[in-house]
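Please keep the viewer open as you read along.

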Amino acid sequence: MTTLQGITVLEVGGFLAAPWATMHLADLGARVIKVEMAGQGDSVRQTAPIVNGESAAFATINRNKESVVLDLKSPDGMSAFLELVRNTDVLVENLRPGAMSKLGLGYSDLAPRAPSLIYASASGWGQDGPDAGLPGLDIMAQARSGLMSLTGSMGGPAVKVGVPVCDLVCALYVALAVTAALHERQRSGLGQFIDVSLLESAVSLAVWEAPRYFVNGEVGAPLGTAHQSLAPYQAFGTSDGKVTLGAVTTKTWSALCEVLGLPELERDPRFVDGGTRFRHRAELAEVLEGATRAFSTSELLDKLIRAQVPCARIADIEQALTDPHLAEREFFWDSSHPTIGTVRQTRSPMRFSRTPTVAGQAGPLLGQHTQQVLAEFGAGEA
């Protein structure tokens, strides 16, 4: 038994926002039917790395899904799709606003046929407003939201976050909204339309910067690894690398001073409490790094861990994907794919005591389930 067992989701779209949202719904046990166009299907199918002609990235982002090929511009394809909708709980799409309506498949078109349908649309800028029709990709949302202006070295140029964070957080909001709408539907019996944009998803992440600006007009800037409101909370150099640490409570601050052999800092008027440490954070960082560089990374981490000061080394992706702690928690699992073979996956980070998430199959071949699904839903030929 899974949390979303019995829920059927149709996905129309590609790249990331809709597919990653429905991946999480599939992880939670929903049946996800991915509707693709004949030919190339989702453009991620052509994204490296390619193994035996198939994209490993696609096989990951689209795990636990079924692929159905339909031509939504043809009468047969439209008829089949409408039959799928009739038997569906949720539709998730991330085409440009208005594209589904042009096909006669917008929410206002489908709601009369399926009043319990939950219809979620992900887009760059939202479904209305002066810029709704503009193309919007992750990097544009990172730029316009201000996230890039906050990322990078202090005094340096704006930098894109290393992962497509706007796509990903938009997808998470879509998945959250869908589960909330499913819960509400139990009371009302009605579906509804959900509008989530990359831009608003990104701006919502300004959890420290927005209050500062709204209160006193302060405009945030890149701080490297430092925190916007707390100190010490950043990366510090060692003799052979860097360590991140956060000593922002009285207890951890005292423990840090002891580890570094700097008990006098606790009495220094510049650093006596969290507020003064933050106001003098540049001076504090200089003093602390003078001490941390006397240790190797491993030595310093060992001492900080024993003193219960929050800390971590800065890992590269290989180290993260082979982390023994994550391995012990079985965060990585191997899925099977008919062409690629074994596809290593990261497990859903959501852990339930009674209803585990799904660790099933890698993403499907293009159209792998077309005939099976259409026959099951009585949707005829596409």
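Helices here are DSSP runs of H or I with at least four residues, strands are runs of E with at least two, and both are numbered from the N terminus. This is a predicted model, in which local features need pLDDT of at least 70, side-chain atom pairs count only at pLDDT 80 or more, and totals for chains, interfaces and linings use all residues. Residues are numbered from 1 along each chain as its sequence is written, and side-chain values use heavy atoms, with hydrogens and water left out.

**Backbone geometry**

- Most residues other than glycine have a negative phi, and most peptide bonds are trans.
- A231 and P232 are joined by a cis peptide bond with omega about -5°.
- Another cis bond runs from A48 to P49, with omega near 0°; P49 sits in the loop between β2 (31-36) and β3 (50-51).
- N52 is not a glycine, yet its phi is positive at about 55°. This residue lies in the loop between β3 and β4 (54-55).
- N52 counts as exposed at 58% relative accessibility (buried means under 20% relative accessible area, exposed over 50%, partly exposed in between, with a 1.4 Å probe and protein chains only).
- E330, also not a glycine, has a positive phi of about 55° and is found in the loop between α15 (324-328) and β12 (332-337). Its relative accessible area is 54%, so E330 is exposed.

**The three-stranded sheet**

- Three strands form an open sheet in the order β9-β10-β11, with antiparallel pairing (two strands pair if DSSP finds at least two bridges between them).
- β9 and β11 (311-313) stand at the edges with a single partner strand each, so one side of each has no neighbour in the sheet.
- On average, neighbouring strands of this sheet are turned by 25° against each other, direction ignored.
- Five bridges join the antiparallel strands β9 and β10; F236 has V243 in β10 as its bridge partner.

**Helices around it**

- α13 lies across β10 and β11 and runs at about 160° to β11 (axes are lines fitted to C-alpha atoms, for helices over the stretch in contact, and angles run from 0 to 180 degrees between N-to-C directions).
- In helix α10 (residues 250-259), the buried residues are T252, W253, A255, L256, C257 and V259.
- These buried residues of α10 pack against β10 (242-246), α11 (274-279), α12 (281-292) and α13 (297-306), where contact means heavy atoms within 4.5 Å.
- After α10 comes G261, with a positive phi near 70°.
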